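Morning, everyone. I have one model to show you, and a few minutes to do it. Please look at the screen.

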Amino acid sequence: MASNTVLPSKATDIETALHDCASGDKLALKRIYDAEAARMIGVAQRLLKRRALAEEAVQDAFVLIWRHAARFDPERGGGLTWIYAILRNRSLSILRDEKRTETSETPVAEETASEEDDPETVMSKLSDAKALRACLETLPPQRRGIVLLAFVQGLTHGEIAGRLKMPIGTVKSWIRRSLITLKECLG
Amino acid sequence: MSPSSTSVLGPEERIALAGEYVLGLLEGADLTAFDQRLETDPDLAAAVERWRVHFAAIDATAKPIGPPAELWSRIEIELAKVAQQAAPASSSSAAPVSSPIQASRSTPATASHLSDWWNSLFVWRSAALAGALATIVLAAGLLGALDRARRQPVMVAVLLTEASVAAAVVNTFADGRVEMVPLQAIHVPEGKALEIWTLWDRAVGPRSVGLIERARSTHLRLDQLPLGKDQLFEITLEPATGSPTGRPTGPVIAKGTTAQAL
């Protein structure tokens, strides 16, 4: 699978491209686009469910990457995580914006997620090589599922509570405990 | 209850909070407080980065979806607008209506068709609004109460934070003035500003009506925009020069909808 054979140069390529973006090189942004846009649409699609919204999120993300490239600081983190953080923030804003603006349409969060986005399916696709997979496996399935639902589908505490018919306080404390357990395992 | 408002975080608190942030579970005032904290707390920023690196493995499982051919050209159009905004506004269109910024959200093939529709709707709405305002002003004049009408808001929106605290009010007046008055201090980090938005139609999306560097009373620029009951106003935290995308990008500080004043 492509994600298992990431070239070691990929991360530095992105960081070099961000550096070039900061000095106004549009071709550098296009390099990032060619390398990541398809995966980015996939990530946004899991959060937003609708293709048009996912594309809008990716479009906005590239404008933001371009605008803020000068602020990217390799000392503080990797280029890829920076780009995906921008995409996730933008997607979540669209998701929450959509939710608070009541329309006659079905709110995005209530649209059916693809089965591929089920927590256990996502688990099965996680690379064996990643510490995260082994550590998630130490959590009871339901707790692991809650963490994955939040990250993959962008559900809020309240939405997770509603979906699993659990009190919101329980959801909150389960997530906190799960994060602390995960962190102990991840080191 | 809100751990982000305390000044010192325990190690577990820090890990859990950073993890919740990366999961996208912090909202409203908690999110704003966390964002502020991130700027001054390198340890917290490092904890966030570590979570991002770990969770990146999950994003790597997303199925790649080939972008449509025109997505890159849409991005290029937006980049060109960013460049234009940076330069002093060159008013290429003399029309009283701002250009259809939403066009970029549809495909190029349908953009001009949509913008025609949009323009006519806009014109129609503006005309209706102007008519409504004229009626109000005339009625007030006939009653000899124009002066009172000028001082008393026609509609009021109370903007609430996520925690349902009233953070600001928006008053609209019969003469078309719209003002926002903050009711509490709002912390604005260095390099950031508060942007005020209004939304009257989902199909159009939110429009920026003001940008202030700190919480203070300000007039909102709704010149050509519709204004009615149940219209959403909200304040978001944006870069000092305003949202780079023309839509809200930062956390929502407060929001509320207009209601008729008695």
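Which residue just after H7(A) takes a positive phi? It is A:Gly154, with a phi of about 70°. Keep in mind that this is a predicted model.

Now back up into the helix itself. H7 of chain A covers residues 141-153, which is 13 residues. At 1.5 Å a residue, H7 should span 18 Å. The C-alpha atoms at its ends are 17 Å apart, so the two values agree. Much of H7(A) is buried: A:Arg144 is on that list, and so is the run A:Ile146, A:Val147, A:Leu148, A:Leu149, A:Ala150, A:Phe151, A:Val152 and A:Gln153.

Next stop, A:Pro167. This proline sits in the loop that joins helix H8 (157-164) to helix H9 (168-186) of chain A. Buried or exposed, then, is A:Pro167? Exposed, because A:Pro167 has 10 other C-beta atoms within 10 Å, and the cut-off for exposed is 12 or fewer. Look also at A:His157. A:His157 and A:Pro167 are ten residues apart in sequence. In space, their C-alpha atoms are 9.7 Å apart.

Last, the two chains together. How many residues of chain B are in contact with chain A? The count is 43, and they meet 53 residues of chain A. On chain B, the elements giving two or more residues to that side are helix H1 (11-23), helix H3 (42-59) and helix H4 (71-86). H3(B) gives the most, with ten residues. By class, this side of chain B has 25 nonpolar, seven polar and eleven charged residues.

That's my tour. Over to you.

Methods
Residues numbered from 1 in each chain as written. Chains lettered and ligands numbered in written order. Predicted model: local features only at pLDDT ≥ 70, side-chain atom pairs only at ≥ 80, totals over all residues. Helix = DSSP H or I, 4+ residues; strand = E, 2+ residues; numbered from the N terminus. Expected span 1.5 Å × (residues − 1). Buried ≥ 20, exposed ≤ 12 C-beta atoms within 10 Å, placed from the backbone. Contact = placed C-beta atoms within 7 Å. Nonpolar A, V, L, I, M, F, W, Y, C, P; charged D, E, K, R; others polar.
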